[in-house]
Amino acid sequence: MLGYIGRRALLAIFTVWAISVLAFVIIQLPPGDYVTSYIAQMASMGSVVTDEEAENLRIQYGLGQPIYVQYYKWVKLIAQGNFGMSMEWRRPVTEVIGERLWLTVVVSVSALFLTWVLALPIGIYSAVRQYSVGDYLATFIGFVGLAVPNFLLALVLLYLGFTLFNAHIGGLFSPDFQDAPWSPARAWDLATHLPIPALILGLAGTAQQIRIMRANLLDELRKPYVVTARSKGLSEARVILKYPVRVALNPFASTIGYTLPYIVSGSIIVSLVLGLPTVGPLLLKALIAQDMFLAGTIVLLLGVMTVIGTLISDVLLVWIDPRIRLEDT
Amino acid sequence: MTQLWRTPRRGTLRSRLTIALLVALLTALVAAGALAQGKSALIGKLEGPEVVADPTKFPKTFKEAPQLTEQVKAGKLPPVAERIGQDPLVIKPLHEVGRYGGTWRGGFTGPADFWNGFRCCSGPDHLMFWDYTGDKVMPNLARSLEMQDGGRTWLVHLRRGMKWSDGKPFTADDFVFWFEDVYRNKDLVPTPTAAMAINGKQGEIQKVDAQTVRFRFPEPYYMLPDVLAGSTDLAGQWGGYKGMGGFAPAHYLKQFHPKYVGQAELDKKVKEAKFDSWVRMFLFKNDWALNPELPVLSPWKTVTPINTPTWTLERNPYSVFVDTAGNQLPYIDRVVLTLAENLEVLNLRAIAGEYDFQQRHLDLGKLPVFIENQAKGGYKVYLDPGDYGGDMIIKFNLNYDADPEIAKWFNTADFRRALALGIDRDQINETFWLGTGTPSSVVPADSNKYNPGPQYRRMWATLDVRKANEMLDKIGLAKKDTEGYRLRSDGKGRLRIEIMTLGGQFVQFTQISEMIREQWKKIGIDLVVQEVERSLALKRTAANEQQLGAWNNDGSEHLFTFPLHVFPFELAAVASSGPLYVKWFHSAGTQGKEPEPRMRELMDKWKKAFGVPEKERIQLGKEIWKIAAEEVYIIGVIGMGPASMGVRVVKANLGNIPSRQYNSPDGKTPGISRPVTFYWKK
Amino acid sequence: MATLVLPVEEQRVFVASQWQLMWWRFRKHRLAVASAVVVVGFYGLVLGADFLAYADPDASEAQRSLMPPQSIHWFDGRRFSPHVYAVKGARDPQTFKRVYRVDPAEKIPIRFFAEGFEYRFLGLIPTTRHLIGVEPGLDAARTIFVLGTDVQGRDLFSRLMYGTRISLTIGLFGVTASLVLGVVLGGLSGFYGGVTDTLIQRVIEILRSIPTIPLWMGLAAALPREWSVLQVYFAITIIISLLGWTELARVVRGRFLALREEDFVVSARLVGCSEMRTIFVHMVPAFMSHIIAATTLALPAMIISETALSFLGLGLRPPAISWGVLLQQAQNVQTVAISPWLMIPAVPVIVVVMAFNFLGDGLRDAADPY
């Protein structure tokens, strides 16, 4: 067991390194650099950047150097616990990401929570009453969430919120609480802003979870022990909930690892539309601006989260289900 | 939605008809009235506050905001008269003297949106500035400007007793510091600016006495007042982020400069503050939007910087601006700009009335939604059309050489003119400008002093399909293929040209180009529309890969400070008329490619204008526009429209708001309306 | 001696082929069957897009800008005579909205199989016949607006037809690429195990850890400029599929690992079949059904990705027409507030994605036990 964990951990480190290289390369792929993006951005807003100024900027940011030099610089900084300066924000990357990161987690966890609250009952019902009208209806509702283009839905909800409820537009806080220090009032303000983003983000994942739950439960329900339990006289509810559901939940453990980074990156567009101060829109803007250290750090972060998540899932799975251990060794 | 009209019974038909006729008549009258008013009730009359130049009319006693009075009482601030000095900058408010208090809320899009703050809240802190018509240059932070020695020397007289926001005096030393230690330091400013030079030769700044600064140039530099007034590198402290501005707070910045602190000591500071280099730290410290500790001269100063979710600015107790009653300006205590992650959210917030005065980033296409929600949001909508000829223009890249056939046609004037005649501008105006623009050639508004005359407004800028076809037939493109597109003269098939556009701008370049593509089918031209990312556009343009480029020419109304969209002036451009010409122009002929005769003529006139008196310069300006309109290097599509920062949303109870502003980057609109005079009526 | 004789139908169960069994199970899932019909219907639409459209999708006209959907009146008195009313409009100088009035006096009859703009049916046969149209002399583009018009005055219904064609076909290529990669790499991984397996698994893990959007952006921006919009998008779908194959590969690998030890595979090897033959003739058909199901489920993901990419400005761009482009043009406040009919393209997206999902589910359910 320990050997297995050790090996996986080693491989994980290698994966993380590979991700860092890949991340850097990808960010550099679009032509131009931060300065060209900056000039274009200025041009869009009606300002002119003279060639001299552009040249000055390039020299100061060290953008003329080859990519591996810049990569090496970055890795050196990371080793010192410093993730570099964001060119666009003129602040250390850690500060820029700072508060947004855990807000992202809050939003993602809320979305996840909503997903499970919706998906599990529907999945169970669907499996138990397979091919019934209820099954179809339930899966239909679940799948609508998957099919609706969520950015459009987000915009519509934003507008409706304003016209019907005079709600404050977008964001996770009311203007008064945006910069205020933490307090119960601020936490409550956050909570009131969470439902719409959580709903839109959570809907898409619902269908997938319904499907998995349904399939797993169906597999379990066909097993002999269920027939035994029923014949022994247990009520239907106990028959289903006591054992099969718990077993069917096992594979969920294996997917936890992937869900958080999936939700973070899957939520980029919706966060952008809703104007949420999360990591997604930050990454998008950093990519467009070619703000290397900021974009690279976020991508690396997401990658690391995935790798750690996978590691945890794999270990969990091996721990829970001994059969898999045999297969892998 | 569609309405169904049911035919009423015959008896009431006549009376209903009469009523309908009366209503129609009334509507026609109202509409005519609205038209007479300048296209729409949303476009008002150009107006703005005036700077009082006559010292005898200055107020004798001064008043200040209540919270400042408290501080004076507590001994934290000197009395107001001492803070302002002996030469206040007196502004007569547009409508009435206002009252103190309140917060101004607005929206910004991120750390790259610093122009947002420069425009609304920097004063503006130019030494000279425009009057509200954008036409006349007048003293601003400088008390006066004196020309000597045939234009070679200019004396800037400062205001006596004027102070930085931390109470230290603002003197000629701040100019010398900037010139010697910032501008001339090759690390801070590797490449000098053209604003400080005449005919390529750099000038210098010297101290005459504490209140007088001398700008000296090797040749007459008549344009200097305009340069000091416009948004150029010499225009004010807002330019500090790139090491420009003309002056800088010496007493504060010296601690970050190796000459005064020593390199070793400085390196230690740099490391502690986690900067890459002392250069980056210095420029950061001199950044008006980023450094709350930087002493400033503007009426508001940054309190929480632009790289946070809320950019807050608060009143500067040492502000030199006062109104005619002696009240120290600004009236409004704070400006709070909140971050909007994307433009739709920003616009939606403006629609919802979450902003008090917002002019930036508002989308003309949403105008009906803005109007619809005026009552609910408690605001009023205004339109400020620009004075430049091209809210949308199309540039021909005259240097394009990847395809000699296309290069040939781009350099044929009649080809360009014919294409210009093939555009149905009324359609485009109605669809994308909602009818508020003006179909036009590239020349600026009639009221602009460089306008060459009304006959140039529609020169080569009408819809004349017949003539366009004739012209194209005549120059050698008469042969067409089975679908009606013209064939190349070199026999290689259909003539296909490409236009590069950017998405996500104030103006819908891609969609408009799509429309033009349909329109040019009628003259047999096959246009391919390619929308690209911003950086990609820049790269391709600079590498001479662009054929046609769609953009706007805002700023060109100030032809001499913003020539970028009149002739190829910068390599770093989203659309260019000729990158090789840019190189030729800036290298005095040693690099690049020599422009064709008329373009050369245009460039020569432009260069000459800096060194001649105003009257001659105006004449040169007119001639430049004449050439531009005749040669059609750039096709003007729709001009003088409000698409680019011309949609303004203002809360109904804000006072001293002009009904129309001069919309120009040089005017730092709304800076030109002196936001220091805005106040909350209550 | 009486042996138990089962009814004919049940006897058939014992001799039925694998596919027939699948089909019988599939039939039970009624929603899946209905979805199959829907999907087939949509692809029929793909073929007949030009026929169903009645207006040139690029014909713009400012005076027709932002027209709301027009009602078709089916009866004129008692007679069945579908017609629409003429519509005129202008911009209201106060509200700046375009206001349209219907003129009930002017009736414009709709004809079926009418003549309209020219096109090539199935890309081959030049013709001018469309499903609906108006009398010769009138232009359908100026008169019929079943779903309204966009800001440039272009008919939304016709654009939607063309958009459907592109959206439904482009996804197919990407999915095929995913399929090939997934089966091959997953198979190699599962069949050989060991180092190959570990290597491929690590690659999969790396690819899955990278957020897709940066990858899209980087790769999209790196494509050569000479490519047309369609070619660029084609390349992008391939790129998406380069990430999408991982899921299929894992499934295939799992299957291979399980099947490797099965009797029929061992006996095939013992008999002397080459590895290739063993894999493709014996093993792959065993989980073919899974592959079909996975592919069917990959298509809706492709479609959703297309809309997301277009939103970011990376996917198809105007003047190309696709669902993503149409939705991107509707993604603004003025559409939601004033011209909501422009959001109608979301409906076919929802319908098709759901249909494919149900279909895929049904296929997978049907394939499962076998």
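Just after helix H6 of chain C, C:Gly193 adopts a positive phi of about 65°. Helices (DSSP runs of H or I, at least four residues) and strands (runs of E, at least two) are numbered from the N terminus. The model is predicted, so that local features need pLDDT of at least 70 and side-chain atom pairs count only at pLDDT 80 or more, while totals for chains, interfaces and linings use all residues. Residues are numbered from 1 along each chain as its sequence is written, chains are lettered from A and ligands numbered from 1 in the order in which they are written, and side-chain values use heavy atoms, with hydrogens and water left out.

H6(C) covers residues 156–192. Its 37 residues should span 54 Å at 1.5 Å a residue, and the end C-alpha atoms are 53 Å apart, which agrees. The expected span is 1.5 Å times one less than the number of residues. At the start of this helix, a side-chain oxygen of C:Asp155 comes to within 3.4 Å of the backbone nitrogen of C:Phe157.

Chain B contains 22 helices and 26 strands. Its radius of gyration is 27 Å, close to the 26 Å given by the globule rule for 682 residues, so chain B is as compact as a globular protein of that length. The radius is taken over C-alpha atoms, and the rule is 2.2 Å times the number of residues to the power 0.38. Along the principal axes, the C-alpha atoms of chain B fill a box of roughly 85 × 80 × 50 Å.

Over all chains, the count of salt bridges (a side-chain nitrogen of Lys or Arg within 4 Å of a carboxyl oxygen of Asp or Glu) comes to 54. One of them joins B:Glu64 and B:Arg83, with the closest N and O atoms 2.6 Å apart. B:Glu64 lies in the loop between strand E1 (50–51) and helix H2 (66–73) of chain B, and B:Arg83 in helix H3 (residues 80–84), so the pair ties together parts that are 19 residues apart in sequence.

Between chains B and A, 61 residues of chain B are in contact (heavy atoms within 4.5 Å) with 52 residues of chain A. The buried area, which is the accessible area (1.4 Å probe) lost on putting two parts together, summed over both, is about 4,900 Å², and carbon and sulfur atoms give 57% of this. B:Arg280, B:Glu341 and B:Arg534 supply 14% of the area that chain B buries against chain A, more than any other three residues. Three salt bridges cross this interface. A:Arg100 forms a salt bridge with B:Glu341, the closest N and O atoms being 3.2 Å apart.

Notes
Polar contact = N/O pair within 3.5 Å; in protein donor to acceptor, adjacent residues only side chain to side chain.
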